[in-house]
Amino acid sequence: MENIFIVRCGETALKGQNKPYFERMLVQRIKKNLKDMDGVSVDRADGLIFVRTPQEIPQEDTLKRVGRVFGVDSISPAKEIEIKGMEAEEALTAVGKVAVDYMLEIIEERGIKTFKVEAKRADKTFPVESPQIGKIMGAKILKGCKVLRVDVHNPDCALYVNVRRDYAYVYEKKIAGFGGLPLGTNGRGMVLLSGGIDSPVAAFMMAHRGMYIEAVHFHSYPYTSERAWEKVRDLAGILTDYCGKIRIFSINLLPIQEQIVQNCPEDETTILVRRFMMRIAEQIAKREGDLMLITGESLGQVASQTAASLVVTDAAVSLPVMRPLIAMDKTEIMDRAREIGTFETSIQPFEDCCTVFLPKHPVTQPKLERIVESESRLDVEALVNAAVESAEISVITQRSDV
């Protein structure tokens, strides 16, 4: 005996001639998330993906892992009935028996009183059309489950029957996944990952669109602690459930911060530091073949995130800068952080480099020419190169890779 799950592809199914490529990528990601489970198979057929696991593996474990694969729209634990070579009446009798037994189990578990049947004839050569299949299944269930009555508007249980070429499937639940696109279908990006709430959510959202994620993290040791760095690794560990393995390039920004404080106007410290962060991240990203930079900035949230500040920040780099949270407010970002499981880690009270040498009154409407003038007092290229060369690389491994 085995557990069977029907996986639906959602947006991937709309890709026209590229659909097979996206489906193959999705199958690969599902297999990777389940690879430490023995006896698992993942196959695709006619727009659906079928996952089969040994019965001893709890269904909840499989549902959780598959549901976190980007590109999965929904999942259904299902009962499979082989109908290959059967006449229509014989096939519907076999399907009806399984449907009745399935409903009896649900009645015992949940005490339901009403139901409806939604049938789909995926194999158009099957001589009975979908509405009639639904009526036949409904009649068989009413006969076999005396306590039930039909309610097509607000049933306690909606039973789905899917008749395909050689097999039919009976299931109740359609458990939502995260949707999006399979990882690897949109290249790779470099996220500036802090220990805060925003940047992990930004990483999640770009991965949700099919992008592999790498990260650069800035610290100011010894002003920032080892525990603050552990917090960032913990956040990356949570993200690996969705994003797969993540490399983090860790860089001590303190030498640059000290040079800025000593040589530049105090109110420009935040924007100058931010421009250095972007330059360093860009240099690493270009070296590693990443297509773009990703930040967790939200318009107007803090002084460095005003429209003027973002324009000046972007002027420091040539790679495109993606800001998936740009129009979200803090409440929306916090809600998404809770949804993906990063919130409780993000709010742990450990300092980050952005709080070091923070000016009392940071400039909120910086002028590019003035910022460039201030940077002329620094050896920008040497500072950036030294920071890049000092990077320490950590690989945060997805649990199924261990």
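A charge is taken to sit over a ring if NZ of Lys or CZ of Arg is within 6 Å of the ring centre and within 35 degrees of the ring normal. In this predicted model, local features need pLDDT of at least 70 and side-chain atom pairs count only at pLDDT 80 or more, while totals for chains, interfaces and linings use all residues. Residues are numbered from 1 along each chain as its sequence is written, and side-chain values use heavy atoms, without hydrogens and water.

Two such charges are described here. R279 lies over the face of F276, 5.5 Å from the ring centre. K174 lies over the face of Y160, at 4.5 Å from the ring centre.

Rings of Phe, Tyr and Trp (its six-membered ring) pair if their centres lie within 6.5 Å; planes under 30 degrees apart count as stacked, over 60 as edge-to-face and the rest as tilted. The whole structure holds nine aromatic pairs. One of them joins Y21 and F22, which is edge-to-face because the planes stand at 75°, with centres 5.3 Å apart. Y21 is partly exposed at 34%. F22 is buried at 10%.

F178 and Y242 also pair edge-to-face, at 5.4 Å between centres and 85° between planes. F178 lies in the loop between β9 (175-176) and β10 (188-192), and Y242 in helix α6 (residues 226-243), so the pair ties together parts 64 residues apart in sequence. Helices (H or I, at least four residues) and strands (E, at least two) are DSSP runs, numbered from the N terminus. F178 is partly exposed at 23%; Y242 is buried at 4%.

Note on methods:
Buried means under 20% relative accessible area, exposed over 50%, partly exposed in between (1.4 Å probe, protein chains only).
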